[in-house]
Amino acid sequence: MLTEHPEEYLSGEAISNYLGCSRTAVWKHVEELRKSGYEIEAVPRRGYRVVHKPNLLTSSEIQAGLSTRYFGKNVHYEKSVSSTQELAHRIASEGGEEGTIIVAEEQVAGKGRLGRQWYSPIGTGIWMSMILKPKIPPQQAPQLTLLTAVAVIRGIHAITGLNCDIKWPNDILLNGKKLVGILTEMQADLDQIQSVIIGIGINVNQISFPEEIKETATSLRIEKGKEINRASIIKSILENFEELYEIYLKEGFLPIKIMWEAHAITIGKRITARTMGGSFQGFAQGITDEGILLLEDDLGDTHKIYSADIE
Ligand code: BTX
């Protein structure tokens, strides 16, 4: 209530009447908020007003004004975790609902693909996993990575005005540098998905990076020149994701594929794809309806690339 009325004082009485709790309870909550970094002014006979909001990712910050039907309705917020993916897997297998999200201020063992690490320092980025339980065949799950990329690009654009590019399959680049990583993992039987866990890592307010990635990584703050509110970005991504996911479940992958292609920089270029089965060089023709990359080599043979690092 306070953050929705930044210009006004709300009296303890008005808040307690609205929420159906005592004025002492209101006061206790105000104290809790102060402890977590909110500056709240209290003026006798006028009431409370938020003077400064911390850049936090608590469930109340994410859920305030969120217009989704189910994405983000359950938020698990942690100060520090090994990886939000691991926590999400556990919550999903214990009955966690579709649309549940797990966010952390810091990951001490953030995961990239193929056992790589994802650098996730405290309080600066978005380290988030989403639980999905789609009724689709397991082999279609990679399409959800591409759908996520479109949702993230749209979400970032809506809040910052910045236009990012997609490098197949899961990198989002800004001015040629890596801004976002997406990791899709699945719990499934041979023919049925139990859950898909989509991990999204976004560099938001970092101003520097470790030596190994300082030439290749960037953040929204570096590109935009000012601090960005992480909760707004999450909200916008969840709203875009839910909209695209519903289109996908109703109409299939084709409409998503068209949106994805509009942002993809890999297609139509000469590339090298390093896969587990070796390296392939050639022309990136496009993606299939399943989201698989088609690469034509110099002999004119077409290879289907399921997963690779692209240069
Ligand atoms: P990836 O394997 O495509 O990228 C990992 C590689 O990217 C690393 O080897 C390193 O070179 C570089 N890198 C590491 N950290 C960063 C960073 N912060 N910014 C830019 N480049 C970096 C991409 O894997 C998938 C990453 C998913 C991360 C999310 S965060 C929430 C969720 N929880 C979790 O543990 N992982 C996911």
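## Overall form

Among contacts in the protein between residues at least 6 apart in sequence, 59% join residues at least 24 apart, where two residues are in contact if their C-beta atoms, placed from the backbone, lie within 7 Å. This is a predicted model, in which local features need pLDDT of at least 70 and side-chain atom pairs count only at pLDDT 80 or more, while totals for chains, interfaces and linings use all residues. Residues are numbered from 1 along each chain as its sequence is written.

The protein has eight helices and 14 strands; helices (H or I, at least four residues) and strands (E, at least two) are DSSP runs, numbered from the N terminus. The radius of gyration of the protein is 21 Å, close to the 19 Å that the globule rule gives for 311 residues, so the protein is as compact as a globular protein of that length; the radius is taken over C-alpha atoms, and the rule is 2.2 Å times the number of residues to the power 0.38. Taken along the principal axes, the box filled by the C-alpha atoms is roughly 80 × 40 × 30 Å. Buried residues account for 36% of the 311 residues, a residue being buried if 20 or more other C-beta atoms lie within 10 Å of its own, exposed if 12 or fewer, and partly exposed in between, with C-beta atoms placed from the backbone.

## The annotated domain

In an unreviewed entry, UniProt places the feature "domain: BPL/LPL catalytic" at residues 60-249. UniProt positions are given in the numbering used here, feature names are shortened, and annotations may be inferred rather than shown by experiment. The span of residues 60-249 is 31% helix and 26% strand, and its end C-alpha atoms lie 29 Å apart.

## The sheet and its helices

Seven strands form an open sheet with mixed pairing, in the order β3-β4-β5-β9-β8-β7-β6; two strands pair if DSSP finds at least two bridges between them. At the edges stand β3 (75-81) and β6 (165-167), each with a single partner strand, so one side of each is left without a neighbour in the sheet. Neighbouring strands of this sheet are turned by 20° against each other on average, direction ignored, with axes being lines fitted to C-alpha atoms, for helices over the stretch in contact, and angles running from 0 to 180 degrees between N-to-C directions.

Within the sheet, strand β7 (residues 171-174) and strand β8 (residues 177-188) run antiparallel and are joined by four bridges, and L174 stands opposite K177 in β8. Helix α4 (residues 84-93) packs on the sheet, where it touches β3, β4 (101-107), β5 (126-132), β8 and β9 (193-202), and its direction makes about 25° with that of β5. Helix α5 (residues 142-160) lies across β5, β6, β7, β8 and β9, running at about 145° to β8.

## Around the ligand

The ligand is surrounded by 27 residues, of which the closest are S83, G112, G181, G199 and G201; a residue is near a molecule or strand if its C-beta atom, placed from the backbone, lies within 6 Å of it. The elements that give two or more residues to this shell are α4, β5, β8 and β9, and β8 gives the most, with four residues.

Q107 is found in strand β4 and counts as buried, because 26 C-beta neighbours lie inside 10 Å. Leaving aside its neighbours within four places in sequence, Q107 is in contact with V81, S82, S83, T84, S120 and W127.

K178, by contrast in setting, belongs to strand β8 and is partly exposed, with 17 other C-beta atoms within 10 Å. Not counting residues up to four places away in sequence, K178 touches D171, L173, T216 and A217.

## Backbone details in loops

The peptide bond from W168 to P169 is cis, with omega near -5°, and P169 lies in the loop between β6 and β7.

Phi of R45 is near 65°, a positive value in a residue other than glycine; R45 is found in the loop between β1 (39-43) and β2 (47-52) and counts as exposed, with 6 C-beta neighbours inside 10 Å. Phi of L114, a residue other than glycine, is also positive, near 50°; L114 has its place in the loop between β4 and β5, and its 9 C-beta neighbours inside 10 Å make L114 count as exposed.
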